[in-house]
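Hi everyone, thanks for making time today. Let me put the structure up, and then I'll walk you through the parts I'd like us to look at together.

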Amino acid sequence: GSVASTNGSNGEKGTGLGLSLVKEIMSLHLGTLEISSTLGKGSLFTLAFPLVIPKILIVDVDSQTRGWLCESLVESAYDIHVVQNCKDALDFVAKQPPHLILADIHMPKLGNDLPPVDSLSMLEKLRENPQYKQISVILFANSIGPEVRKAVFRYGAQDFISKQTSKEELLLRVKRFI
């Protein structure tokens, strides 16, 4: 078959495929593409993406920590969800993947789970699934030793914070990944 070709503004040849690719990409991202042209003057292309409110999943068994995290983040207009264990976190991710997970590294393993799921095994399951690799994870604890800190990053967490972190520091860390 033949390939359509037009001269560009500097005489270069084009196939006309670029605009159709842009339209497809915008459609996949639920965005819009508008074009207005004036003969002899040029064209204006307007691309618009839908407003996305970042979704954060908090995973912690301790109600005080969950409450503090929610209070600290609520002013930043995030879509905040809370679960109390790692199994529920994985179930939540399967239904509606968040942009960021904040999880206590010392989550207890649930005896009913086969196998039991703690924070590091939850993180490992997320990193094994290509569909969830883009989810950022920040783990937190009261304090941990250097070996656990190394494991946090080896398993694929983006960051680690102390439970004594200030609200301002928490917001700075969260904003790095959303």
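Predicted model: local features only at pLDDT ≥ 70, side-chain atom pairs only at ≥ 80, totals over all residues.

Let's start in the sheet: strand β5, residues 55-59, runs parallel to β7, and 4 bridges join them. By pairing I mean that DSSP finds at least two bridges between two strands.

Residues are numbered from 1 along each chain as its sequence is written, and side-chain values use heavy atoms, with hydrogens and water left out.

Back to β7. Then β8 itself pairs with β9, residues 159-162, in the parallel sense over 4 bridges, with Ile138 opposite Asp159.

How many residues of β7 are buried? It is 5 of the 5, so the strand is largely enclosed by the rest of the structure. Buried means under 20% relative accessible area, exposed means over 50%, and partly exposed is in between, with a 1.4 Å probe and protein chains only. As a reminder, side chains in a regular strand alternate between the two faces of the sheet. In β7, Leu100, Leu102 and Asp104 cover one side and Ile101 and Ala103 the other. β8 is largely enclosed too, because 6 of its 6 residues are buried. Ser136, Ile138 and Phe140 point one way from β8, and Val137, Leu139 and Ala141 the other way.

Now the core. The largest nonpolar core has 26 residues, and those touching the most other members are Leu57, Val59, Val93, Ile101, Met122, Leu126 and Leu139. Two or more residues come from each of β5, α3, β7, α4, β8 and α5, and α3 gives the most, with 5. A core here is a set of buried Ala, Val, Leu, Ile, Met, Phe, Trp, Tyr and Cys residues joined through side-chain atoms within 4.5 Å.

Let's move to the charged groups. The whole structure has 8 salt bridges, each one a side-chain nitrogen of Lys or Arg within 4 Å of a carboxyl oxygen of Asp or Glu. In helix α3, Asp91 and Lys87 sit 4 residues apart, about one turn of the helix, and their closest N and O atoms are 3.1 Å apart. Asp91 counts as partly exposed at 33% relative accessibility, and Lys87 does at 35%.

Is Asp159 buried or exposed? At 7% relative accessibility, Asp159 counts as buried, whereas Arg176, at 54%, counts as exposed. Asp159 and Arg176 also belong to a salt-bridge network with Glu169 and Arg173.

That's my tour; over to you.
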